[in-house]
Every structure is written in structure tokens, then in C-alpha cells.
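Trainee: I would like a close look at a single part of this model. Please set that part in context as you go.

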Amino acid sequence: EQIARLIETPDIKTTIGLRDRALMEMLYATGLRHGEAHRLDLYDVDVKARQIAIRGGKGLRDRIAPLTRNAAYWLERYLGVARPELAAGRYWGKGESRKPRTPAPSPAFWLSVQARRFSYVMIAQVVREYAQAAGVKATVHSFRHSCATHLLRHGVDLRHIRSFVAVARLGS
């Protein structure tokens, strides 16, 4: 309930809000680690196949994380609406519209308002700000815990949850 409230906090009518909603939906649906989300590139995410390739995860292991239908929907909206706006450099600081510039193209999946890779610290800051606004105590890692709890409550065997990161390796 708290994670749902947190995920629904961003204003999805704005570019920044849409990006942040998609980010939190992905974190919750996949149980990705903070650093894994930060390192995602465009070619790692296949919305149509509903999966994310995590390269160099914990222990430098590669794996595939499945996407829920809902997460795929929000990622598709981010890719179709918000990311092009961010990539074009139309937003600076807190989403205020400024004079567009043509930044160098970035392979990064998550973009900041400067059209650069969303930093590790920025991801934590976004979650912290929305958590505070929603009146929830949460960090980026809370999404990983919530994903595991959700799976457990819906009958997934604990052994499978523990090995969730090892189940679907890239190339397997």
C-alpha cells in the first residue's frame, strides 16, 4: 500500500513526473538494484518482449529481469513521451522549460534534465523526495524488498525469490 502510494505520487502530466513514475514502476516490478537501474542503456530494455537485460549486476553477472505489463506500459510512455523531451534538452532544473539545446546523444535509458545519464545520487534523491511527499519511509532498496514481499505473498516459493537474480541469466 505504501509503495503503491509512493509510485502514484509523481505528476504524470509533466515530463519529469512521467520519467519518475516509470522509474519507480520499473524498480518495483523488477527488483533491480540501485546501481543496475543507474547503468541501464536503451538497448537493455525491450518493452515489447517485456524484459530488461541487466549487464554487470552483482558479482558482474548478467541476467534478464521480466517486466510486468504495467511496468512495460509506463516504460513505453517514458520512451515515447518523456525521454525524447529530456534528450532534446528542453528541461533544466526542476523541469522548468528553457531554451532548447542540442546535447550529445546518450545511450542511457534514464536521462536527467541536462540530457545526461541520470546519476546514482539523483535516483536516490527522486525516491527520497517522493517518499517524503507521500508520507512514506522508503529508499531505492525498498522497491527491491517490496518486490520480493509481493512475490512471496502471491505464492512464489521463497527459494525462487532468493534465486530471482540467478534464475534467468543472459544467454541461458
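Where is arginine 50 placed?

Mentor: Arginine 50 is in the loop between β1 (45-46) and β2. Strands here are DSSP runs of E with at least two residues, helices are runs of H or I with at least four, and both are numbered from the N terminus. First, the ground rules. This is a predicted model: local features need pLDDT of at least 70, side-chain atom pairs count only at pLDDT 80 or more, and totals for chains, interfaces and linings use all residues. Residues are numbered from 1 along each chain as its sequence is written, and side-chain values use heavy atoms, with hydrogens and water left out.

Now the backbone. Most residues other than glycine have a negative phi. Arginine 50 is not a glycine, yet its phi is positive, about 55 degrees. Its relative accessibility is 33%, so arginine 50 counts as partly exposed. The cut-offs are these: buried is under 20% relative accessible area, exposed is over 50%, and partly exposed lies in between, with a 1.4 Å probe and protein chains only.

Alanine 115 is found in the loop between β5 (96-97) and α5. It is buried, with a relative accessible area of 4%.

Strand β2 covers residues 51-54. In soluble globular proteins, nonpolar side chains tend to be buried together. This core has 42 residues, and those that touch the most other members are Met26, Leu32, Leu40, Ile52, Leu75, Tyr78 and Trp110. The biggest contributor is α2, with 8 residues.

Follow methionine 26. Leaving out residues up to four places away in sequence, it touches Gly31, Leu32, Ala37, Leu40, Ile52, Leu67, Leu75 and Trp110. Contact means heavy atoms within 4.5 Å.

Methionine 26 also takes part in a helix packing, that of α2 with α4. The axes of α2 (residues 15-30) and α4 (residues 69-87) come within 8 Å and cross at roughly 145 degrees. Axes are lines fitted to C-alpha atoms, for helices over the stretch in contact; angles run from 0 to 180 degrees between N-to-C directions. The crossing of α2 and α4 is left-handed. That label applies if the near helix is turned anticlockwise from the far one by less than a right angle; clockwise gives right-handed. The contact of α2 with α4 has 12 nonpolar, 2 polar and 5 charged residues. Ala, Val, Leu, Ile, Met, Phe, Trp, Tyr, Cys and Pro count as nonpolar; Asp, Glu, Lys and Arg count as charged; the others, Gly among them, count as polar. Arg21 is one of the α2 residues in this contact.

Aspartate 11 is in the loop between α1 (2-7) and α2. It is partly exposed, at 42% relative accessible area. Gly17 and Leu18 are its contacts once residues up to four places away in sequence are set aside.

Helix α1 holds isoleucine 7, which is buried at 4% relative accessibility.

Last, zoom out. The protein has 8 helices and 5 strands. Buried residues make up 42% of its 172 residues. Among contacts between residues at least 6 apart in sequence, 56% join residues at least 24 apart.

Conventions:
Core = buried A, V, L, I, M, F, W, Y, C linked by side-chain atoms within 4.5 Å.
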